[in-house]
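This report describes pockets in a protein model. The sequence and structure come first, then the terms and the findings.

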Amino acid sequence: MTNKGFTTQLIHADRQLNTIEHGGVHTSTTQSVLFNFDRAQDLIDVFQGKQAGHVYSRSSSGAVTALQNMLNQLEGGVGALCFSTGMAAIASTLFSLIRAGDHIIVSRFLFGNSRSFMNTLADLGVQISFVDVTDVRCIEALYQPNTKMVFCETIANPVTQVSDCEAIGRFCQEKNIVFMLDTTMTPCYIFDAKKVHASLLVSSLTKYVGGHGNVLGGAVVDSGLYDWQTFSNIHAEYRVADTSQWGLTQIKKRGLRDIGATLSPDSASRLSIGLETLALRMSRACDNALQLATWLNSHEKVDKVYYPGLADHPQHFIARSLFSEFGAILSIELAPDADPCVFLDRLQLVLCATHLGDTRTLALPVASTIYYENGPDGRADMGIAENLIRISVGIEDIDDLIADFEQGLNAQ
Ligand SMILES: *Cc1c(COP(=O)(O)O)cnc(C)c1O
């Protein structure tokens, strides 16, 4: 199936990857937490990883495994694990792999909650450096013998800085450290993470994969490009025969099983259905975003538009080389005399809401909401203006979207 197109592969591979009962086209979900074995030896073999199967649904279940297989196949990885949320995927992965005394280099423009989680890791004795990931030289300058990992996002939100992924991938390969990349903004339909040599691809499935604002989920996919035999933090019991599975085995046991932020089978099923239309929604939303950004960029009430698809975006050329489309998040700063709240209240089609990657277009004032906790200095450090408005572009008809923004802006 891998020679087929993205969506063909996606909507038909389920039947090949999994045994689905009675010809059903979706993997069935179970409410069962436990799994019975007729032979005790089978239970023992599943526990010891010698036989495939499920023993307790905190660790694995059918619908979750089906989704994991699909995500892994789309990324061309060596395995995937799902979690209850994107934050659970990120936190569990880092808790599993990083120890006190390790140093990690992290993007200065990280998603707010990921950045906040770094404070938790710092409290536990992990050394963290925040850097400008649009320039690999900033990362190179911070490398130390105890550096274990670089963690950044493909496109940061809300200001849409684009990480220099190719150069970062080369650097991590050279230093033999893990390159953990949050690909939430650019799902596999528009970005091939293996091409930039990323080791671990983490993402929030809540966004573009689910796509409809009705389910939370997260994932980590191992691209297979990092040699875990050289990673000193893998415990003896997780050094399984297949060395490509060392990292994921430790994340599965220490992160998923022990921390327990498991994706429910019901959520997995909903995410799988969302995934089927990822390409359709993503290309429509990206098209809309480019048109809307271009339109906003020439509007007199708009001072600034941040969108990697615009030729004057500082990382436009990096974005062109990395992604087949430029994503569907853009941010704007209104002219100084315009009140962001008045503008947002005027919008009729566009929802004033947090969240992104939805079918509907969403907008929110950034400084007073999702980056409120960071304070003015923290926001300045991340390049977030006090009047910044983030827009997550949906799949509405573009003429209707532009008309809504036009009436909202003209009232200013
Ligand atoms: C939303 C988001 C997360 C967290 O995902 P949840 O599913 O909401 O926990 C992590 N990274 C990025 C880039 C996100 O946009």
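## Terms and model

On a 1 Å grid over the protein atoms alone, a pocket is an open set of points where a 1.4 Å probe fits, with protein on both sides within 12 Å along at least five of seven lines; lining residues have an atom within 4 Å of a point. Grid points are joined across faces, edges and corners, and a volume is the space filled by probe spheres set on the points.

The model is predicted: local features need pLDDT of at least 70, side-chain atom pairs count only at pLDDT 80 or more, and totals for chains, interfaces and linings use all residues. Residues are numbered from 1 along each chain as its sequence is written, and side-chain values use heavy atoms, with hydrogens and water left out.

## Largest pocket

The largest pocket holds about 1,500 Å³ of space. Its lining has 50 residues, and Ala-52, Gly-53, His-54, Ser-60 and Lys-252 lie nearest the centre.

Helix 3 gives the largest share of this lining, 7 residues. Helices (H or I, at least four residues) and strands (E, at least two) are DSSP runs, numbered from the N terminus. Among the elements that each supply at least two residues are helix 2 (40-47), strand 1 (79-83) and helix 8 (246-259).

## Second largest pocket

The second largest pocket has a volume of about 450 Å³. Of its 26 lining residues, Met-87, Phe-111, Asn-113, Ser-204 and Lys-207 lie nearest the centre. Helix 4 (86-97), helix 5 (112-123) and strand 6 (200-204) each supply at least two residues of the lining.
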